[in-house]
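Dear colleague,

Please find below the structure that I am handing over to you, with its sequence. My findings follow directly after it.

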Amino acid sequence: MPEQNTPVVLGVDLGTTSTKVVAFDAAGRERASAGAGYSLREPAPGHVELGAEDVLRAAVGATRDAAARASAAGCTVAGISFSSAMHSLVGLGARDELLTQVITWADTRATEEAEELRPTDLGRALHRATGTPVHPMSPLVKLVHLQRHQPALFAAVRTWVQVKDLLVRRWTGQWVTDRSTASATGMVDLSTGDWSADALRVAGVSPVQLPPVVPVTALAGTLTATAAQELDLPARTPVFAGGADGPLANLGVGAVVPGTAALSIGTSGALRVAARTPRVDAAGRTFCYSLTDDLWVVGGATTNGGVVLRWLAETLTPDLSFVAGELGEAPEESLIDLAAGVPAGAEGLLMLPHLLSERAPQWSALTSGVLVGLQRRHGRGHVVRAALEGVCQQLALVADSVEDAGSEIAEIRATGGFARSRVWRQLLADVLGRPLSFAAGGQEGSSFGAALVGHHALGNLDMVEAARREVRIGEVVEPDAADAAVHARLRPVFASLTDALGPTFRALREFTAESTGEPEGEPAPGPGAEPPLDED
């Protein structure tokens with residue numbers, strides 16, 4: 001007999017290619033879930049967007065389904081809270097009409113502006129003040145690009161928001177943005193938690209064009225009658241601001257005390273450790289984003305994670321992908337089996353897995369994928385092994401940068417689609433040279449963190465203490481000492497490749513821009529091709 005009238009909070013996680021909604025009770029138990037997907041668009045080289053209405057429809061459908069399933073399980077929806085992918089940008093006109101689609105974190109059209117600004121005194125000062133690296137992912141840099149290349153559009157936009165802000169507006173009628181998500185725009189001052197006048201001058205926008213910044217636990221509003229009808233929930237259901245998916249993932253796995261890091265590999269990857277005060281790496285290798293008014297996360301995001309494995313399956317092993325599909329298996333499993341048969345270090349083959357350029361710790365959008373050391377003896381298994389090791393080595397460089405910048409890493413709690421693979425779990429532990437902890441009970445990431453925020457706002461718990469108390473470790477993977485030594489020896493070689501190949505990357509980018517014939521900054525007509533990005 002299910003418990004009746006158990007209050008739950010719906011954690012709505014707006015991801016890169018899907019929205020996931022999970023109902024959690026105050027004890028941290030998952031009571032219901034639902035999801036809906038959407039496709040990324042690439043209307044021009046470097047332009048990676050989402051249809052805003054696609055995301056909003058998916059959020060409505062997934063939330064309605066999760067709420068219905070929670071009700072069937074004897075639960076009552078006490079509130080809604082959000083998690084969202086960071087660094088998005090949407091421009092709206094005078095009547096809140098869409099003038100742009102959702103420009104995502106993966107969009108690199110502002111590479112030229114980022115490369116110009118990052119090495120300057122101003123660029124370094126902006127990173128120190130806001131905690132956000134100067135990179136094409138940053139909404140600040142996106143705005144600089146749009147002002148330069150699409151001035152008419154830029155002038156027509158009355159309000160600039162992120163995708164979660166747009167959803168909150170649709171459901172409550174209110175414009176607000178949470179401090180966690182806002183802190184990843186490159187336009188919030190870490191010392192004040194509000195919009196930075198200096199950053200806004202660089203971006204060419206005024207505070208009245210941006211939503212007011214509120215804490216993650218703030219009541220953003222309540223469901224309007226229209227939204228309540230769409231979601232089949234009571235009108236005036238509380239809607240809380242929620243936060244950014246990265247910081248909330250730390251909350252979701254209990255990595256909320258200094259020394260405990262959260263590491264994830266989905267489409268992309270990231271490593272973040274909690275800090276009691278804002279902390280910015282003097283060398284510019286890490287970010288610092290807000291979680292609460294007295295808790296921040298320091299770390300780095302990598303652009304290339306599971307997307308590398310998906311690309312390999314599609315291009316290198318279509319035969320294995322076909323067989324796997326016939327057997328009802330994921331094609332990535334066949335690839336990982338190939339890699340498992342190759343020794344650590346792939347017999348001298350290294351791969352920079354920068355298929356979608358790269359972020360931390362170099363923060364350069366000029367990089368691309370590279371195989372180094374390729375010889376006739378190397379086969380498909382070596383290439384796959386080198387690619388997986390490259391993904392892991394990039395995260396190891398992030399970990400090294402976090403510690404170099406003064407943050408201790410005593411424990412790493414790992415989540416993401418990669419965790420389904422025993423081989424990949426072990427490989428990551430070996431490359432990092434550290435044990436990896438995995439949460440028991442399937443609690444992971446951002447939707448749980450969002451739900452904790454909602455329960456905190458309702459007075460049901462203290463979210464930070466609950467994260468520490470409720471998250472239990474189910475498995476610890478220890479590194480193999482011999483393999484870890486191999487990866488440690490190769491790490492400086494791997495680390496040197498990006499800088500050494502810098503002139504090559506720049507020349508190839510110029511050649512590609514010329515050969516495509518696309519005018520800089522302007523999208524090509526039509527829907528374009530979909531890039532191989534999806535959330536795990």
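Predicted model: local features only at pLDDT ≥ 70, side-chain atom pairs only at ≥ 80, totals over all residues.

I begin with His-87, which lies in the loop between strand S6 (75-84) and strand S7 (90-92). Helices (H or I, at least four residues) and strands (E, at least two) are DSSP runs, numbered from the N terminus. His-87 is buried, with a relative accessible area of 3%; buried means under 20% relative accessible area, exposed over 50%, and partly exposed in between (1.4 Å probe, protein chains only).

Residues are numbered from 1 along each chain as its sequence is written, and side-chain values use heavy atoms, with hydrogens and water left out.

Aromatic pairs

How many aromatic pairs does the structure hold? There are six, where rings of Phe, Tyr and Trp (its six-membered ring) pair if their centres lie within 6.5 Å, and planes under 30 degrees apart count as stacked, over 60 as edge-to-face and the rest as tilted. One of them joins Phe-24 and Phe-448: the ring centres are 4.8 Å apart and the planes stand at 50°, so this pair is tilted. The two residues come from distant parts of the chain, with Phe-24 in strand S2 (residues 18-25) and Phe-448 in helix H16 (residues 446-457), 424 residues apart. Phe-24 is buried at a relative accessible area of 5%, and Phe-448 is buried at 1%.

Phe-418 and Phe-438 form another tilted pair, with ring centres 6.2 Å apart and planes at 50°. Phe-418 lies in the loop between strand S21 (409-415) and helix H15 (422-432), and Phe-438 in strand S22 (residues 436-439), so the pair ties together parts that are 20 residues apart in sequence. Both Phe-418 and Phe-438 are buried. Together with Trp-424, they form one aromatic cluster. Arg-425 lies over the face of Phe-438, at 5.8 Å from the ring centre; a charge sits over a ring if NZ of Lys or CZ of Arg is within 6 Å of the ring centre and within 35 degrees of the ring normal.

Ser-421 is found in the loop between S21 and H15 and, at 14% relative accessibility, counts as buried.

The axes of helix H10 (residues 245-252) and H16 come within 7 Å and cross at roughly 80°. Axes are lines fitted to C-alpha atoms, for helices over the stretch in contact, and angles run from 0 to 180 degrees between N-to-C directions. H10 is therefore roughly perpendicular to H16, given that angles under 35 degrees count as roughly parallel, over 145 as roughly antiparallel, 65 to 115 as roughly perpendicular and the rest as oblique. On the H10 side the contact is made by Asp-245, Leu-248, Ala-249, Leu-251 and Gly-252, which meet Ser-446, Phe-448, Gly-449, Ala-450, Leu-452 and Val-453 in H16.

Val-22 is also placed in strand S2 and is buried, with a relative accessible area of 8%. Not counting residues up to four places away in sequence, Val-22 touches Val-9, Leu-10, Gly-11, Glu-30, Ala-32, Ser-33 and Ser-447.

Backbone features

Most residues other than glycine have a negative phi, and most peptide bonds are trans. Which residues are joined by a cis peptide bond? They are Ala-360 and Pro-361, with omega about -5°; Pro-361 is in the loop between strand S19 (350-352) and strand S20 (370-372).

Asp-96 has a positive phi, near 65°. Its place is in the loop between S7 and strand S8 (102-103), and Asp-96 is partly exposed, with a relative accessible area of 21%. Ala-346 likewise has a positive phi, near 50°. Ala-346 is in the loop between helix H13 (331-340) and S19 and is buried, with a relative accessible area of 0%.

Yours sincerely

Technical notes:
Contact = heavy atoms within 4.5 Å.
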